[in-house]
Amino acid sequence: MMKYFSVILVAFILISCGSTQVNYDYDEQISFSKYKTYNYLPDMQTGLSQLDANRLISAIDIVMGEKGFAKSENPDLLINIMSDQYRESPQNSVGVGVGSGGYGGGVSIGAGIPLGGSKDHQTITIDLVDSSEDILVWQAVSDSNIALNTNPQDRVSYYTKVSQKIFKNFPPEK
């Protein structure tokens with residue numbers, strides 16, 4: 001029974017991660033080929049628990065390494081991470097009404113019954129700042145469904161997939 005539940009949970013997380021939407025923006029005047037190194041803002045307020053922040057940073061380190069960037073104490077780019085969580089209420093409902101009317105008067109009662117449950121979402125914003133000029137050069141904002149009560153391995157998988165999706169189109173090509 002527990003094995004069946006674990007398979008369902010992992011499938012749910014993978015499906016949830018599949019619904020991650022990412023929007024990008026960047027300075028088109030910047031030549032990203034000049035950037036080779038990165039690090040994180042020292043006093044970052046991620047909005048994540050320390051454990052999840054560490055998972056996300058580890059996942060970003062892997063992705064940046066795969067893209068040829070090296071972590072440095074004197075970086076070309078500084079990464080800032082911000083996140084927020086919110087609950088989305090169901091958008092559909094069924095209306096139920098009871099009414100009575102007669103000659104000269106009437107009474108009615110109505111109610112809406114929501115269909116489906118609410119969904120928990122997480123928005124992660126990644127800013128890349130040119131460290132020498134202190135200007136924002138690239139930004140990605142992701143929004144995804146998140147399962148709040150998962151085990152550590154599933155959280156690692158979630159943040160790995162989100163990081164890969166966030167940095168999929170980085171650095172931008174002209």
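Helix H2, spanning residues 50-66, comprises 17 residues and reaches 24 Å from its first C-alpha to its last, close to the 24 Å expected at 1.5 Å a residue. The model is predicted. Within H2, the buried residues are Asp52, Ala53, Arg55, Leu56, Ile57, Ala59, Ile60, Val63 and Met64. Just after the helix, Gly68 adopts a positive phi of about 90°.

| Pair | Distance, N to O |
|---|---|
| Arg55 and Asp52 | 2.7 Å |
| Lys71 and Asp61 | 3.4 Å |
| Lys34 and Asp130 | 3.9 Å |

Arg55 and Asp52 both belong to helix H2 and stand 3 residues apart, about one turn of the helix. An α-helix has 3.6 residues a turn, so residues three or four places apart point the same way. Both Arg55 and Asp52 are buried, and a network of salt bridges links Asp52, Arg55 and Arg155.

Lys71 is partly exposed, at a relative accessible area of 46%, and Asp61 is partly exposed at 22%.

The side chains of Lys34 and Asp130 form a further salt bridge. Lys34 sits in the loop between strand S1 (21-26) and strand S2 (37-40), whereas Asp130 is in strand S7 (residues 119-130), 96 residues apart. Lys34 is partly exposed, with a relative accessible area of 44%; Asp130, at 2% relative accessibility, counts as buried.

How values were computed:
Residues are numbered from 1 along each chain as its sequence is written. This is a predicted model: local features need pLDDT of at least 70, side-chain atom pairs count only at pLDDT 80 or more; totals for chains, interfaces and linings use all residues. Side-chain values use heavy atoms; hydrogens and water are left out. Helices (H or I, at least four residues) and strands (E, at least two) are DSSP runs, numbered from the N terminus. The expected span of a helix is 1.5 Å times one less than its number of residues. Buried means under 20% relative accessible area, exposed over 50%, partly exposed in between (1.4 Å probe, protein chains only). A salt bridge is a side-chain nitrogen of Lys or Arg within 4 Å of a carboxyl oxygen of Asp or Glu.
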